[in-house]
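I opened this notebook to record what I looked up in one model. The entries cover strands and sheets, then pockets and cavities, then confidence.

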Amino acid sequence: MFMKSRICFLAILMTAITNTVYGQVELVKECAQKTFPDSIPAGNYSGITHIEGDEYAVVSDKSETDGYFVFKIDIDTVSGEINSVRNMGFYGDSMRNSDCEGIVYRPTSSTFFISRESDNAIAEYDKNGKATGRQMEIPEIYRSAINNYGFESLTYDEQQHLFWTVNESTLSVDGDYATSTNEVRNVLRIQSFDDELNPRRQFAYMMDAPISNAEAGNYAMGVSEMTAISDGSLLVLEREFYVPKSKIGAFVQCKLYEITPEDSFSISADEPITENTPFIPKRLVHSCTTKLSLFNHAIANYEGMCLGATLVDGSRTLILVSDSQNQYAGVLKDWFKTLVIKF
């Protein structure tokens, strides 16, 4: 299998590095992560999108039904720090939750689109959280997505009128997927859709190698979110979540990359990825690691990400929200944080 050939991987990786086109996103500041247990219910928050003003829609992959919460997020316009997060209510459908993972708001239609892992679909919802019946035309190759490793992310480029998503981990048709011990690099397919919900260009994306090298009690390695930037580039959040059987020593490593989808790197949506497939170049913007120890419970599994408030100096906030697994065992927390960026 292609994925088992580490020599091919290294060759492809070196080609991607050599051909990297450096983008414009610059990290200005990483703000402190915060939690707001008095105003935000315990949840499984996995996606976030800006609506208007200080209002954001947030999905939980284990809410009782499909739909979204509306959170008011107050951000200091000088420091970029989050001052407060308040839950303004849930807007939902009668359908049982379909493992809602990513969400975007499209202003031109005043509707929301939610990516669902249970059926690997991306569907439209109205302002009341009700499904409209419209769904994106998903390329056939995504049917080979491994359970719980489908469409985790979703973003919308308002200027280019394009939706973007990516399978969280390697499709079975493309080879092996990363585990905590096999040292495999995931290869993913980044897919765009137009405003008519039809598929457009597709790109091959290679993740970094896992840093874990031991058996895990629980493990997740994949792209958990993407965010479109106004210049046509995308921010890609790579996430590795390692939990040993003892729980203590668990960690989450997040890496934020910038990519620029260019026609020269587009690939066929009908053919498996091979050693000859061109991978889209990526540029590291930021990386961070949170851990779980006996006295430190700051581990944060960031799954949601979107652009937030513009600051007085013209820089922009990038909001991240974590999935606490409903504040698992009273240890995990629903963390929020901002990165201040310029582009």
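**Entry 1: terms and basis.** I count two strands as paired if DSSP finds at least two bridges between them. Strands (E, at least two residues) and helices (H or I, at least four residues) are DSSP runs, numbered from the N terminus. I note that this is a predicted model, in which local features need pLDDT of at least 70 and side-chain atom pairs count only at pLDDT 80 or more, while totals for chains, interfaces and linings use all residues. Residues are numbered from 1 along each chain as its sequence is written, and side-chain values use heavy atoms, with hydrogens and water left out.

**Entry 2: the sheet with β3.** I looked up how β4 and β5 are joined. Strand β4 (residues 55–60) runs antiparallel to strand β5 (residues 65–75), and four bridges join them. Glu55 has Lys72 in β5 as its bridge partner. I then traced the sheet: it is open, has four strands in the order β3-β4-β5-β6, and its pairing is antiparallel. β3 and β6 (82–96) are the edge strands, each pairing on one side only. From one strand to the next the twist averages 25 degrees, with axes taken as lines fitted to C-alpha atoms (for helices over the stretch in contact) and angles running from 0 to 180 degrees between N-to-C directions.

**Entry 3: the sheet with β15.** I found an open sheet of four strands, ordered β15-β16-β17-β18, with antiparallel pairing. Why is one side of β15 and of β18 left without a neighbour in the sheet? Both stand at the edges with a single partner strand each, so one side of each has no neighbour there. The twist here averages 15 degrees from one strand to the next. Nine bridges hold the antiparallel pair β16 and β17, and Glu240 has Gln253 in β17 as its bridge partner.

**Entry 4: the largest pocket.** I used a 1 Å grid over the protein atoms alone: a cavity is a set of points where a 1.4 Å probe fits but cannot get out, a pocket is an open set with protein on both sides within 12 Å along at least five of seven lines, and lining residues have an atom within 4 Å of a point. Grid points are joined across faces, edges and corners, and a volume is the space filled by probe spheres set on the points. The largest pocket has a volume of about 700 Å³. It is lined by 34 residues, of which Asn218, Phe241, Val243, Asn301 and Gln325 are the closest to its centre. β15 (218–228) and β16 (234–243) are the elements that give two or more residues to this lining. By class, I recorded 16 nonpolar, seven polar and eleven charged residues in the lining; Ala, Val, Leu, Ile, Met, Phe, Trp, Tyr, Cys and Pro count as nonpolar, Asp, Glu, Lys and Arg as charged, and the others, Gly among them, as polar.

**Entry 5: the second largest pocket.** Its volume is about 440 Å³. Among its 23 lining residues, Tyr156, Glu158, Ala228, Leu307 and Arg316 are the closest to the centre. β3 (45–52) supplies the largest share of this lining, four residues. The lining divides into 14 nonpolar, six polar and three charged residues.

**Entry 6: cavities.** I searched the whole structure and found four cavities of 30 Å³ or more. The largest cavity has a volume of about 70 Å³. Its lining includes Leu237, Cys254, His286 and Lys337. β18 gives the most to this lining, with three residues. The lining has seven nonpolar, two polar and one charged residues.

**Entry 7: confidence.** The chain averages a pLDDT (the predictor's confidence in each residue, from 0 to 100) of 92, and 93% of the residues score at least 70. Over residues 1–19 the pLDDT is below 50.

Note on methods:
Contact = heavy atoms within 4.5 Å.
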